[in-house]
Amino acid sequence: MNVLVLGSGGREHAIAWKVKQSEKCTNLFCLPGNPGTAQIATNVSGGVKDFETIKKCVIENSIDIVIVGPEDPLVFGLRDMFAADEQLKDVLFVGPSKKGAQLEGSKDFAKEFMTRHNIPTAAYRSFTKETLAEADSFLEQLEAPYVLKADGLAAGKGVLIIENLEEAKAELRNMMGGKFGAAGNTVVIEQFLKGIEVSVFVLTSGRDYLILPEAKDYKRIGEGDKGLNTGGMGAVSPVVFADAEFMAKVEERIIKPTVEGFKKDNIDYKGFVFIGLMNCGGDPYVIEYNVRMGDPETEAVMTRIDSDLLSHLVAAAKGDLSGEKMEISKDGALTVVCVSGGYPEEYKKGIEMGGSRYLYENTPDSKIKVFHSGTAIKDGKLVTAGGRVLAVTVNGNGIEAQRKAIYAEIGNISYEGKYCRRDVGLDLLNYKG
């Protein structure tokens, strides 16, 4: 098969790395890809929201299956465009329709979906400028901390958790006043759930599903989960508290009713579902849905799949996963993200990188993999090109050994301003329940 992976980050590099291992994969293309994907695939220039360029790429390269990495093209209706185009309608496609993508594109849509299908989640209400007084009143009924979510896409930065009531009211006005652009025209206010987070990933055909390895990610820039929110600073898989009993609850209470909800609501959904969960005293509650894999969780999760990912994706895109079985390695994975100095605020780009052979090669059997997130080639040299630069992943038994190996390898990577969290996995190493 000729395969096209859409996207340019570490998530897409990890997906491409795993797909490349399939015997079904004849030619692999990434649009636009990055210097990491260029080592294993043919990069095609263009943007993930440039539907005409994507169509041209699919036709010119006789693409058999398209795997969408980021959410934007899905929210803007790429699947619907394929389905309506005579030249594209028979191409297999991994990703939901525009309606399905509203699970991520609109927090309000997602909460209504959960309520309608009795999926456990935090109590909530949605507000606009016109109902600001009601929003203030609702906040006053809640206990701190207060959770405010921009309804639309805000590049992973549209969720605020605030301890002080007056500050929450002020931030509500900032959000509705344009802090996150149009994404904040509607704001979802919800009850704060106390617990520990876990990310669960499902591949669905819209009728049945496979459960991928779970993961825990680390959002804040500072150690001890302090400082500003980021796109993600690291991930661990498996997660010690997501045991068989907890995951059985997740499947019965959340995964099954979610997939049933797609059928009942007539949602065309063939692709990944990311379910952000809170473990509240052993019971799972949904914090959010994403309609794609998470980043940097993907860079850990993909390294733990022992079965043929491309085979699973083809089956999901064809609408029947009944003949597929997800095989998961007993070895764990730990991922640490190296970022540019100053991220998630202002940072420099174009800084030359070096120091580790894994920057230039990732063999399937290597214990260490480096997935490129924000890199570029300039004058023949590898340079930084984003806030999150690299995701370094180590596989093996035991978080302590993984941490030792990963930080030793990160020490070999050199570029001015390099920063990473040094505490990824520590909370699970010392986890007592």
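Analyst: Buried residues, meaning those under 20% relative accessible area with a 1.4 Å probe and protein chains only, make up 59% of the 433 residues in this protein. The model is a predicted one, in which local features need pLDDT of at least 70 and side-chain atom pairs count only at pLDDT 80 or more, while totals for chains, interfaces and linings use all residues. Residues are numbered from 1 along each chain as its sequence is written, and side-chain values use heavy atoms, with hydrogens and water left out.

A nonpolar core is here a set of buried Ala, Val, Leu, Ile, Met, Phe, Trp, Tyr and Cys residues joined through side-chain atoms within 4.5 Å. The largest such core holds 74 residues, of which Val66 and Ile275 touch the most other members. Helix α9, residues 244-264, supplies the largest share of this core, with seven residues; helices are DSSP runs of H or I with at least four residues, numbered from the N terminus. Once neighbours within four places in sequence are set aside, Ile275 is in contact (heavy atoms within 4.5 Å) with Val198, Ser199, Val200, Val202, Ile254, Ile255, Val286, Glu288 and Tyr289. Another core, of 43 residues, lies apart from the largest one and has Leu28, Met233, Leu309 and Ala316 among its members.

As for the fold as a whole, 68% of the contacts with a separation of 6 or more join residues 24 or more positions apart. The C-alpha atoms fill a box of roughly 55 × 50 × 45 Å, taken along the principal axes.

Key: Buried < 20%, exposed > 50% of the residue type's maximum accessible area, 1.4 Å probe, protein only. Helix = DSSP H or I, 4+ residues; strand = E, 2+ residues; numbered from the N terminus.
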